[in-house]
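The following report describes how two chains are arranged and how they meet.

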There are 2 protein chains.
Amino acid sequence: MVDTKKKPANPRKSRWKQDPDAVKADILRVATDEFAAHGLSGGRIDEIAKKTEASKRMIYYYFGDKEGLYQSVLENVYSTLRESEDALKVENLEPVAALTRLVEATFDAHVNTPLFIRLVMIENIHNAVYLRRSEIIPQLNRSIIDKLGDVCRRGKAAGIFRCDADPLELHWLISSSSFYNVSNRATFSTSFGDSLYTPEGQARLRQRVIDMVLGLVVIGYEPRQIAAE
Amino acid sequence: MVDTKKKPANPRKSRWKQDPDAVKADILRVATDEFAAHGLSGGRIDEIAKKTEASKRMIYYYFGDKEGLYQSVLENVYSTLRESEDALKVENLEPVAALTRLVEATFDAHVNTPLFIRLVMIENIHNAVYLRRSEIIPQLNRSIIDKLGDVCRRGKAAGIFRCDADPLELHWLISSSSFYNVSNRATFSTSFGDSLYTPEGQARLRQRVIDMVLGLVVIGYEPRQIAAE
DNA sequence: TCTAAATTGTACTATTTCGTTAATTTGTCA
DNA sequence: TGACAAATTAACGAAATAGTACAATTTAGA
């Protein structure tokens, strides 16, 4: 029993300040980890309460119930990703370079946001009911389609892109490889070894995805040769 | 109290035969649905017990515990998929046709086995620990790689495939699109509408995947033109 | 037919886990 | 300053859920 007042071990708990936004943000941060790790049904409110500065009651105070918290987590990570997509500028690159850049950026972004990937996987297990319920999400994600649409337009105008190139299809194709690369790493490695998940393997796959997309869109494109290992 | 002996409502329950395999199979069937729908932590043993012919006691009698049951479900669906892969024969097709057929078959197989897809998603959420723990799985899944390897060898020998075509990479590329198509349908549709999930949209995507793979492998391949909608 | 082994049903327990009740502390404004 | 609303805590309640004890029933084989 020392220093009960002068030097509290935890400032928030012994002599807390009112700071709702910080409390909410802290809960969200911990909850994101928990739900990403164990899913909605596997995630434990008590575990989140233990790891956050705030108490369990505060979770219910601010987020209503477990589902409300999960939905907030989902909206939060989607919003964050949108911002990073918005930050990507390719207007000044010529069409082939711009498309290449978009593929690279998408591939890398997925690798760098494993928590987001896991939450999307989990949300798909739930048939996207929480995503649909959200009001802020629908108009999200437009930005990447707009960028692809602009690049396609310019490429067609320059006579170097096929005229049937479709932005939405392209986004789907690019996303599918980029997403799967992260989402199914565990089972793929277990079944087939991790040769594609070494740094060299990842670099090769990344180049393959670029080649596939360009091969589909750019007239007369020939994939770059990759040295057989 | 009628007909206590002559006409039992349920033959198994009132006058059962010793038929462990049938009981196990029935439990597995119900458990597959339950775990695929709600995941490992979300799946309910009581729910499975309610839907199966057998009693809850039998689940523990045969499978030990919840995790043992989940693992059996996983091994069962993986084995089933392997069998369907083995059944696919492309040795008699020329290389381009054979590769096309493999892509088509993979794409369609994924569409037709949504329960398997969901269980793989769930297993990835669990970092594949149950798949790794399994003894029957590792040597599974070789068959598809062998088939792709054979096609690649023949294509290269005929001088029509690029020499850097790699079976494992190809399988990854083909699987990624095919898997994502099913696994992320819910969130993708929510974000971008379901134009890619109409019958026509699916046919277009399927053709795109074929074109991408052939474009990567076949020397001088030009994608087929798809009429803009 | 008799007996041991296999199989099943009932009822129960211990624990986990979501969510709440009621009281305490803090900030603010009259 | 003091009253009042907002923020926060600790302890508790109720339902759900995995797993079990044990007796009862059925089968298969000597």
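## A residue at the chain boundary

Leaving aside residues up to four places away in sequence, L173(A) touches V213(A), S177(B), R208(B) and M212(B). The model in which these contacts are found is a predicted one. L173(A) lies in helix α10 of chain A. It counts as buried because 24 C-beta neighbours fall inside 10 Å, and the cut-off for a buried residue is 20 or more. V209(A) is 36 residues away from L173(A) along the chain, and the C-alpha atoms of the two are separated by 9.0 Å.

## The chain

Chain A has 12 helices and zero strands. From the N terminus on, its elements therefore read α-α-α-α-α-α-α-α-α-α-α-α under the DSSP assignment. Of its 229 residues, 40% count as buried. Among the contacts in chain A with a separation of 6 or more, 68% are between residues 24 or more positions apart.

## The interface

The contact between the chains involves 47 residues of chain A and 48 residues of chain B. On the side of chain A that touches chain B, the elements giving two or more residues are α2 (20-42), α7 (114-125), α8 (129-133), α10 (167-183), α11 (185-192) and α12 (199-217) of chain A. Which of them gives the largest share? That is α10(A), with 10 residues. By class, this side of chain A is made up of 21 nonpolar, 18 polar and eight charged residues.

The crossing in which α12(A) passes α12(B) is right-handed. R208(A), D211(A), M212(A), G215(A) and L216(A) make the contact from α12(A), and R208(B), D211(B), M212(B), G215(B) and L216(B) make it from α12(B). Sorted by class, this contact has four nonpolar, two polar and four charged residues.

## Symmetry

Two copies of a chain are related by a rotation about an axis and a shift along it.

## Packing within chain B

Two helix pairs in chain B involve α10(B). In one of them, the axes of α10(B) and α12(B) come within 11 Å and cross at roughly 165 degrees. The pair is therefore roughly antiparallel, and its crossing is right-handed. From α10(B), the residues L170(B), L173(B), I174(B), S177(B) and N181(B) meet L205(B), V209(B) and V213(B) of α12(B). The contact has six nonpolar, two polar and no charged residues.

In the other pair, the axes of α7(B) (residues 114-125) and α10(B) (residues 167-183) come within 10 Å and cross at roughly 95 degrees. These two helices are therefore roughly perpendicular to each other. P114(B), I117(B) and M121(B) of α7(B) meet F179(B), V182(B) and S183(B) of α10(B). By class, five residues of this contact are nonpolar, one is polar and none is charged.

| Helix pair | Axes come within | Crossing angle |
|---|---|---|
| α10(B) and α12(B) | 11 Å | roughly 165 degrees |
| α7(B) and α10(B) | 10 Å | roughly 95 degrees |

## A positive phi in each chain

Most residues other than glycine have a negative phi, and most peptide bonds are trans. Phi of N127(A) is near 55 degrees, a positive value in a residue other than glycine. N127(A) sits in the loop between α7 and α8 of chain A. It counts as partly exposed because it has 14 C-beta neighbours inside 10 Å.

In chain B, phi of N127(B) is likewise positive, near 55 degrees. The loop between α7 and α8 (129-133) of chain B holds N127(B). With 14 other C-beta atoms within 10 Å, N127(B) is partly exposed.

Definitions and conventions
Residues are numbered from 1 along each chain as its sequence is written. Chains are lettered from A and ligands numbered from 1 in the order in which they are written. This is a predicted model: local features need pLDDT of at least 70, side-chain atom pairs count only at pLDDT 80 or more; totals for chains, interfaces and linings use all residues. Two residues are in contact if their C-beta atoms, placed from the backbone, lie within 7 Å. Helices (H or I, at least four residues) and strands (E, at least two) are DSSP runs, numbered from the N terminus. Ala, Val, Leu, Ile, Met, Phe, Trp, Tyr, Cys and Pro count as nonpolar, Asp, Glu, Lys and Arg as charged, and the others, Gly among them, as polar. A crossing is left-handed if the near helix is turned anticlockwise from the far one by less than a right angle, and right-handed if clockwise. A residue is buried if 20 or more other C-beta atoms lie within 10 Å of its own, exposed if 12 or fewer, and partly exposed in between; C-beta atoms are placed from the backbone. Axes are lines fitted to C-alpha atoms, for helices over the stretch in contact, and angles run from 0 to 180 degrees between N-to-C directions. Angles under 35 degrees count as roughly parallel, over 145 as roughly antiparallel, 65 to 115 as roughly perpendicular and the rest as oblique.
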